[in-house]
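Here is a short report on one structure. The sequence and the model come first, then the text.

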Amino acid sequence: MRILLSSPLLPYPPFHEGRDNLHLNYGNCTYGQDIFAVPTQMHAYGLHLIAQNIQSPSTVLEHPTERLFVRELRKGVDIVGISFVLPFFSKVMEMCRLVRKHSPSAKIVLGGPGVQCFSHSTGREDELHGLADLICRGEGVRFFRALLGEDQSRPVSQDLPLGAVVPFRNPLLRQPSATLISALGCSNGCDFCAASAFFGHRRILLASPTELYKAVKISLAKHPITSARVLDDNFLVDKEYVREFGLLLKNDAEVRRRRFTYGTFANMSAIAQYTPEELVEYGIDDLLIGVESQFVDLLGPRIGRKLAGTDAHELFRELTDHGISIEGSMILGWDFHDRKNIEEDIAYYVSLGATFDQIVCLLPLPETRLWRQLQQEGRLRDDLVWDELGFYSRWHRYKNFTHEELWEHEDRALRKAYETWGPSYLRLFEVHLKGYRRFRAHPDSFFRERAEAHANDCRKLLALLPAIRLFAPSEHVRSEVDRLREEFREELGRPTLKSNLEALAVTAIAGLAKLKATLIAENTVQPRSEVYRYAGG
Ligand code: B12
Ligand code: SF4
């Protein structure tokens, strides 16, 4: 069997006012932080996971040009699998036509969250459905194994390509990081959550704690990394799992020597099962947490139950005091939001002091309860276009705001967080300083090693402080830089000559980035096309 797996074709459409869709942190969690927004590189993980877990050889194309895609088709292909999210609907249609033209006998299989389009009619889905042979509505590894007549119950292994954080988009500052996948979906079923709906409001486990640990070992053996992101919509929900995985890491001398830690996603009720020290013991360094709104009683039962009983201020303080950074997430444009309480909600969110901020407007996605509710209320647009999905979609009517008004609130909220807490790099510096303080004299050597790792991270981030001071968004942030620099000196001594030279170099790079940002309006950065060949087995 000759198998070709591909993500959508380049070029990607221009993005709205510098809001780069392709970078998780840049477009989401550090959006609005001027030159300090953090570009992160990610991959088409779903496709790699499938390719690494079938017995047939396969080729994975990431962001192919039309030429590259056609060249691969012409080599002769039996199955073409395409992974997409909704904004690439038309691109995928185009790709299916190319397959029919250049490899007419190939079977076309569509997968990824984009297939949620088939649960709604905008008038174009039948055409795409007609071009494809099979649609995978959910988990793809087992689907593909079934298609190839392979044993579906074999364990899932993973050795996914590295992602990276690239400050100022400067390759010299690139920090690679691994990606691991433990489970897909979440059973909490929040009304707005597309990921939960896509996997049938279930959590589908892909790797046991031992298998996930093996993936960490493979990555550490191959790459000079010290951290990973575990993609799992609610990783902390299963405490036994997390404990087993965490202790495998803790008891492994090499993992410890490399100071390996990981970030992941979890809701507040899942986090409440742990003490912050347990989270550190199990290897966690960062959590993406949905705050959604302070008006918990108005959010409905499903969203309410993941937040209920947790004091977000206390949780955020406790976690950051233990050296765990937080990607806070909040939504604007709930039906209960009016001009007064939206301000209160923004003030509440900003006061939490998250390390990264994902503040976004409520966006309905097909198959969710929110979608069905808006449909019943006649509030979905009749002429909605899948390709227009993004941070600035106009797919439904908000109750109390125009789209423009809400987008202004969003920009203002992000600005307020930025002016209050400064760039995420500065917030991260403080989290590491706190982690160092918390654990430097801990009786257990594991935690003292964590303290050392925090001290190293502080030393690395120190190089950014002069640039942050120079381009600070407010006087307050400038004085925060001075305070934190002073605290660093008290805890870890005077910066070395090497560190001062690094700071000079980073300030020069930041200055150039600022100049470039002033002179050239930013538009979509086209990702590089990449080809991966897998032997199968
Ligand atoms: C990481 C991530 C990103 C990364 C990387 C995306 C990528 N290239 O995969 C970045 C930051 C680049 C990103 C960007 C965007 N993202 Co995004 N992203 C995610 C996130 C958090 C995880 C995706 C992931 O990798 N999961 C792990 C892999 C293993 O799972 P998977 O992709 O679902 O794949 C499995 C199955 O779907 C299936 N499958 C997938 N592809 C295929 C193909 C075939 C042939 C088959 C058979 C099966 C199959 O098998 C896989 C294994 O089981 C999800 C939310 C979530 N929790 O799922 C949102 C999500 C996918 N993103 C979303 C959106 C909207 C976007 C953006 C458009 C952002 C925006 N608002 O403008 C951009 C689009 C850019 C782009 N080119 O893709 C939506 C998609 C909604 C939809 N129904 O289409 C999601 C669901 C978030 C949400 N809003 O709810 N995203
Ligand atoms: S808890 Fe998070 S991942 Fe789970 S359904 Fe709600 S929003 Fe989605």
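## The eight-stranded sheet

Eight strands make up an open sheet with mixed pairing, in the order β2-β7-β8-β11-β12-β13-β14-β15. β2 (40–41) and β15 (356–361) are the edge strands, each with a single partner, so one side of each has no neighbour in the sheet. Strands are DSSP runs of E, at least two residues long, and helices are runs of H or I, at least four long; both are numbered from the N terminus. Two strands pair if DSSP finds at least two bridges between them.

β2 pairs with β7 (residues 163–165) in the antiparallel sense, over two bridges. There, Gln41 stands opposite Ala164 in β7.

## Basis of the model

This is a predicted model: local features need pLDDT of at least 70 and side-chain atom pairs count only at pLDDT 80 or more, while totals for chains, interfaces and linings use all residues. Residues are numbered from 1 along each chain as its sequence is written, and chains are lettered from A and ligands numbered from 1 in the order in which they are written.

## The six-stranded sheet

A further open sheet has six strands, in the order β6-β5-β4-β1-β3-β16, and its pairing is mixed. β3 and β16 run antiparallel and are joined by five bridges. Glu62 stands opposite Glu530 in β16.

## Helix α3

Helix α3 covers residues 66–74, and its buried residues are Phe69, Glu72 and Leu73. Buried means 20 or more other C-beta atoms within 10 Å of the residue's own, exposed means 12 or fewer, and partly exposed lies in between; C-beta atoms are placed from the backbone. Down the axis of α3, the buried residues fall within an arc of 105 degrees, so they line one face of the helix. The arc is taken over the directions from the helix axis to the C-beta atoms.

Arg67 and Arg74 are exposed on the other side of α3. The buried residues of α3 pack against β1 (3–6), β3 (58–62) and α4 (89–102). Contact here means C-beta atoms, placed from the backbone, within 7 Å. Just after α3, Gly76 has a positive phi of about 100 degrees.

## Around ligand 1

Ligand 1 is surrounded by 37 residues, and the closest are Gly46, Gly81, Ser83, Gly111 and Gly140. A residue counts if its C-beta atom, placed from the backbone, lies within 6 Å of the molecule. α2 (45–51), β4 (79–83), β5 (107–111), α6 (140–147) and α7 (194–198) each give two or more residues to this shell. Domain 1 (3–19 + 40–154) and domain 2 (163–420) each supply at least three residues.

By class, the shell has 25 nonpolar, ten polar and two charged residues. Ala, Val, Leu, Ile, Met, Phe, Trp, Tyr, Cys and Pro count as nonpolar, Asp, Glu, Lys and Arg as charged, and the others, Gly among them, as polar.

## Domains 2 and 3

The domain assignment, automatic or from a database, also gives domain 3 (428–517). The centres of domain 2 and domain 3, over C-alpha atoms, are 25 Å apart. Contacts link 16 residues of domain 2 with 19 residues of domain 3. On the domain 2 side, α12 (276–281), α14 (312–321) and α17 (403–421) give two or more residues. The largest share, three residues, comes from α17. This side has three nonpolar, seven polar and six charged residues.

His322 sits in the loop between α14 and β14 (325–332). His322 is buried, with 21 other C-beta atoms within 10 Å. Beyond its neighbours within four places in sequence, His322 is in contact with Pro276, Glu277, Val280, Gly435 and Arg438.

Methods. Contact = placed C-beta atoms within 7 Å.
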